[in-house]
Amino acid sequence: MEPLTRYLSSNVTPGEAGDMLWITIYILIVFAGVSVAVICMNWLERKILAHMQIRLGPMRVGPHGLLQPIADAVKLLIKEDVIPAKADKLMFWFAPLIVVMTAFTLFLVVPFGRTHAVTDMNIGILFMLGASSLSVLGVIIGGWSSNSHYPLLGALRSSAQMVSYEIAMGLAIVAAVLMTSLQTGTGTLSMIGIVESQAAQQTWFAFQFFPLGFIALVIFSIAMVAETNRAPFDLPEAESELVAGFMTEYSGIRWSLFFLAEYASMMAVSSIAVTLWLGGWLRPFPNALGGHAWDVAFSLVPGIAFLGLAAMCLLGAIRMPKVGALRVQTVGLAGFGVVLGLVGLVMLLPGVRERVQDIFWFVAKASIFMYLYIWYRGTFPRYRFDQLMKVGWKVLLPIALAVLILTALVGVRQELYAVFAGVIR
Amino acid sequence: MTLGAVLRKIFMVDILTGMSVTFRHQKQADVITEQYPLERPVIAERYRGQPRLAVDPETGETLCNGCGMCVTACPEKLITVTSERDPETKKKKMTTYTLDLSRCMFCGLCQEACPTDCIELTQDYEMALYSREGMVLSREQLEQGPKPTVYVR
Amino acid sequence: MSESNFYESLSDIEPGQRTYLDSNELVLNMGPQHPSTHGVLRVILKLDGEKVLGTDCVIGYLHRGVEKIGENRTYAQFNPYVDRMDYVAAVSNGLGYCLAVEKLLGVEAPKRAQYLRVILTELNRISSHHVWLGTHALDIGAITPLFYVFREREEILKIFEKYCGARLTTHAFRIGGCQYDAYEGFEKEVLKFCAEQAKKIDEYEELLTTNRIWVDRTKDVGVLSAEECIALGATGPIIRGSGVRWDLRKAQPYSSYEDFDFEIPIGLNGDTYDRYVVRIQEMRQSLRIVEQAVAGLMEGPIMAKVPKIIKPPAGEVYVSIEAPKGELGYFIVSDGTTQPYRMRVRPPSFVNLQSLDQMVRGRLVADVVAIIGTLDIVLGEVDR
């Protein structure tokens, strides 16, 4: 019981408290949570993309294809594991591991709440940037070690792309980090510190110095798509040009590791965007809808959201065609709805809802970016390589620089103004 | 470039119009997927599917008079007919009839050539089989006509 | 040239002087199994990094000897085979073949049959452009337009199925006219489709025409000047995209095309974007033709007097029509028997494909798929 009370009474992350037991538990929870989120994301991407393309998407494995990702995972795991005869076997084996490890390492410092992070590093955002750029190594090694033309071209593309978009991304991040120093005078690189300074300034950085913060967010949200090799910047794995890019020779479990890493790093960069510009775990409208009553009302939202999902499932179960072949699916969907409903009810309990709402708001904001990823993929053609470079270096980089300089000037202007006001007074 | 074009470019109007199209189409009503075999398509009346030989509905006798027009009409030479002359009525009578469905391209020329409207292409389109031999249809199979496939689970 | 010799001829370095670290070009086999070579086209690319130094097209993976089959079948029997050359525009193929044999026989289809032929061929042109748009956009990375165009294509195929009983390889026309008369409600259904399709084309344009990525990917890619087009023998939307107003429906009207009022859309720069715009406009013009043809559809016979066994007089004939992909010509030599002595098809895709090398040289790998897409080739027609 002692660890539990110790945990419940603590108001810092386990990493800061030096609590090895809870660090381990947190790491396991994050690992499992991200893996489950990848499965959900896989299903959601198929479904949303399908509906954008006036299709239904998976419908056969489980009700509305809910079990399709699991079926796919099983298929990938039991599939024959092919290593090309002339591949560099050690490197070929190593590349997906690098990519997966970097993608999951990022989640060490992602703050799902004030206490809901594995640890709080004082260089948190730098750590995120540094670790995420390691994944390009895995991609290059994977492309090179396959000893095949298409993967090689894909790897070369990704090396140039991921490196050059990191610059625009970094400048946009610096603009946000500058904003953390507005009131206190000293900025912070800690992920938790950044969110707390947004709370202290009573505005999200997306709306600070409007439109500067917002432009920085837009730049980041474009650069992060390129950074994670997703459409319309998915040149390293452009299926219509390079077959599958650096993953061409990969199959089975190794391929699924690349897949896992892709989605995990998508979530990681989305959570950077949420932390830096959208107030991390803070609930929306803290000023306009402030006060204790609204606090309670917003803390009920997670439970209600889950109850809503449960209602959707049950409605779907009722609407399911009454065919004998679909009876199992109907029961399954209803059961899934009941489980979701129970989770929703637990989330409404007073002790639970205060601790859970942070995570809920964080995930909800991050899922906006995940939806955008799918939406982009459904809508846009793919850039060509030189155009990609042009967008990165000639469009995003100058704008990011301008935003950075303007942010600095506007921030200093306020302080200069304060100094002048003091002198006059 | 006009000012309007510049503004449209800065505010990414082109990108947003495209995204609005895909967003609009997400509603359930737009889905056009047909969940075969749960939902089955409506087959047109003139559809050229699996061939069959028509029989007189009252007497059950074949309409075929063994003239062999379909044999000459078939571009792939898939049809073989043997016939013999009835000694009493002095009329030709079809004895055996085979049609190799495996190379049939459902052009409908046999149907058009038939003077008695005996051979006809039906609306059945589910002809998958596990063996090539099963594709060679005998007179009995052709007269019986295609059996609708029933899916059980 | 044998295959190994071919690869060596691509490299600038003598075989004896090769070292481990030489910087010779990369030879990349694109196809025959590749997501965006539209079938079994194999393009051997000689690359410097991503830049294309030269190409070599290997065709013939889908060769079925259609022309030779034609010499071993009677005239009526060969009719279903022509559907299988350009299988996304089967009706156009059938029309060209029927017109050629009719010219050989010296008969002309009745007016009603001609109008029916125009309606179906123009619908087929739209559906062929649907397939082109979907796959072209898919090659360039936009995955959604494919499903939107196939939704409308499905409507056209349903009309075909109701009219002639098949969706893809239609075998819609016969020598001397049409076998099938319009089914009940044909006119209404076609007009309803036309009204809806106009709105759907706006939707495709919303997705692509102004989209900056689409414009970047297609503008100034695969430029062909009018002179180059003529020298290469390119026809159809390729030559019209380069600004040459050449359309056989206007230049030498067949099957009553002179009755209809329509325009020939042309481009200015001869790049991929212009060809895209030309084809989109062609879809709109085809809708106009279909509406006029349905309005003018008169009563009457649908089949000319053609003997049951077709035995054209000895002689030769070349008839070409404007298929969705360009000039589709049939050259038939008759020796007075029931089978043609020589059958030769001039497929538009095959001729258009030879401009690939000129367009691709000096571009990037990503442009290769865009250019293959803009050529709108069907390998069934290239290889025959």
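1. Strand 7 (residues 326–334) of chain C and strand 8 of chain C pair in the antiparallel sense over 6 bridges; two strands pair if DSSP finds at least two bridges between them. Helices (H or I, at least four residues) and strands (E, at least two) are DSSP runs, numbered from the N terminus.

2. Before going on, please keep in mind that this is a predicted model, where local features need pLDDT of at least 70, side-chain atom pairs count only at pLDDT 80 or more, and totals for chains, interfaces and linings use all residues. Residues are numbered from 1 along each chain as its sequence is written, while chains are lettered from A and ligands numbered from 1 in the order in which they are written.

3. In chain C, an open sheet of 3 strands runs in the order 6-7-8, with antiparallel pairing. Strand 6 (315–323) and strand 8 (340–346) of chain C are at the edges with a single partner strand each, so one side of each has no neighbour in the sheet. From one strand to the next, the twist averages 15 degrees.

4. Now to the contact between chains. Here 18 residues of chain B are in contact with 21 residues of chain C, contact being C-beta atoms, placed from the backbone, within 7 Å. Helix 2 (13–24) and helix 4 (109–113) of chain B are the elements that give two or more residues to the side of chain B that touches chain C. Helix 2 of chain B gives the most, with 6 residues.

Notes:
Axes fitted to C-alpha atoms, helices over the stretch in contact; angles between N-to-C directions. Contact = placed C-beta atoms within 7 Å.
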